[in-house]
Amino acid sequence: MNIIKYPAHSDWSSIVERPHMDLSKLNATVSDVLQDIKENGDEAIKKYEEKFDHVKLSSLEVSEEEINEAFDSISSDLKASLEQAHHNIAVFHEAQKFGEGQHIETCKGVTCWQKSIAIEKVGLYIPGGTAPLFSTVLMLATPAKIAGCKEIVLCTPPNKEGKVNPAILAAAKIAGVSKIYKAGGVQAIGAMAYGTETVPKVYKIFGPGNQFVMAAKQQVSIHDVAIDMPAGPSEVCVYADETSNPVYVAADLLSQAEHGIDSQVIMITTSKQLLDDVRREIDKQLQPLPRRELAAKTLENSKLVLVKDSDEAMALCNLYAPEHLIIATADYERLADKVVNAGSVFLGQWACESAGDYASGTNHTLPTHQYALAYNGVNLDSYNRKVTFQHLNEDGIRSIGKTVVCMAENEQLEAHANAMRLRMDSLGMKNK
């Protein structure tokens with residue numbers, strides 16, 4: 001890991017930089033695949049499944065029989081874990097329900113309000129490569145179901161035998177997914193964005209993925225479908241001091257480092273002793289990990305930063321705007337008030353990032369790559385639109401008629417002015 005001690009503020013911008021890739025060739029490849037899917041539908045998806053996932057599919061849809069077989073095949077412990085995680089996620093997201101807002105009379109005769117309406121068709125992408133993310137099924141499908149989305153479509157890559165990971169199917173059954181399709185990568189995003197003979201077109205796509213998936217989501221979002229958020233590789237920032245447990249801190253850093261070689265982990269600390277202890281712990285805990293080579297590669301892009309005090313530490317955390325922020329200090333309550341930019345925050349020594357990834361109840365689909373400066377993570381509102389309503393009676397025309405006409409005339413939009421002017425005339429109101 002890169003160790004940086006007492007950096008000048010002028011160097012902070014380089015500290016918060018993420019690893020960069022040349023995406024020009026990647027974007028061109030993605031564009032070609034998407035165009036093929038748009039023109040050739042199922043045939044193109046099957047072609048790319050054979051090319052990228054090395055499987056020849058006769059059918060894209062996962063059958064009810066396959067889902068039930070998968071559900072029965074997983075262990076009772078895993079089934080119980082999925083059920084508990086689903087319960088906690090549901091409890092947290094149920095509390096976010098909005099329904100219909102208060103009817104506000106902005107002035108006499110003018111009433112305005114909001115109503116929350118679910119997006120009718122949503123698509124979920126669940127990666128199945130180096131790690132089949134069945135937890136993400138619960139994170140995305142549970143709030144979609146609570147919101148009232150009528151159609152919840154899930155795409156995930158099959159293995160070489162044409163089978164979907166059983167835990168993914170079990171989680172989908174628990175969370176109430178409508179339809180499941182065997183499609184991975186760019187072809188899955190294209191299928192849900194455009195619709196094919198088999199896969200329905202959706203109105204918004206959710207879910208993580210590799211660089212190809214992220215590029216595909218961003219491309220289809222320009223003209224064809226909404227997406228949850230722009231995103232990049234996963235990341236964590238840990239703020240720790242002399243009160244923190246170096247064993248826990250090292251474990252938290254490594255838990256994120258094992259995601260992929262383009263991930264990043266960063267620790268900010270006010271304690272030189274803790275920095276040294278964490279560095280030794282990382283070396284110790286890394287060795288027995290099954291994904292140690294991958295994690296070690298991630299650590300090459302990662303940083304341990306020593307700063308002067310907690311104010312400087314929190315300022316740097318906010319500039320970094322991490323997907324996950326762990327405040328592993330004894331005074332976490334005081335410091336929590338200083339958080340401005342983060343996807344999800346974990347407070348105290350017991351709140352490991354893994355808890356939020358799986359079962360605490362908060363959503364783990366979060367903004368990465370400094371997008372937390374402007375975006376929030378997936379929540380119940382992500383599956384709804386707030387539609388505004390207004391009602392005017394005669395008193396309303398009398399209240400705001402002259403204002404509307406005056407503003408429309410000054411914007412030189414005569415038809416706008418006339419729409420109000422006609423109503424004013426019918427009430428015998430003078431325009432001037």
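Helices here are DSSP runs of H or I with at least four residues, strands are DSSP runs of E with at least two, and both are numbered from the N terminus. With that in hand, hello everyone: our chain has 16 helices and 14 strands.

Some housekeeping. This is a predicted model, in which local features need pLDDT of at least 70, side-chain atom pairs count only at pLDDT 80 or more, and totals for chains, interfaces and linings use all residues. Residues are numbered from 1 along each chain as its sequence is written, and side-chain values use heavy atoms, with hydrogens and water left out.

Let's take the whole chain. Its C-alpha atoms fill a box of roughly 85 × 60 × 45 Å along the principal axes. Of the 432 residues, 48% are buried; buried means under 20% relative accessible area, exposed means over 50%, and partly exposed is in between, with a 1.4 Å probe and protein chains only. What share of contacts join residues at least 24 apart? Among contacts between residues at least 6 apart in sequence, the share is 75%, where a contact means heavy atoms within 4.5 Å.

Now the charges. There are 42 positive and 56 negative side chains, and the centres of the two sets lie 4 Å apart. Lys and Arg count as positive and Asp and Glu as negative, while His and the chain ends are not counted. Each charge is placed at NZ of Lys, CZ of Arg, CG of Asp or CD of Glu.

Next, a few individual residues. Val247 sits in helix H9, residues 246–257, and is partly exposed at a relative accessible area of 37%.

Two residues here have a positive one. His369 has a phi of about 55 degrees although it is not a glycine. His369 lies in the loop between helix H14 (353–358) and strand S14 (384–392), and is partly exposed at 28%. Gln412, also not a glycine, has a phi near 60 degrees. Gln412 belongs to the loop between helix H15 (394–410) and helix H16 (414–426). Is Gln412 buried or exposed? With 72% relative accessibility, Gln412 is exposed.

Last stop: Asn165, in the loop between strand S5 (151–156) and helix H6 (166–175). Asn165 is partly exposed, at 27% relative accessibility. From C-alpha to C-alpha, Asn165 and His86 are 18 Å apart in space, and they are 79 residues apart in sequence.
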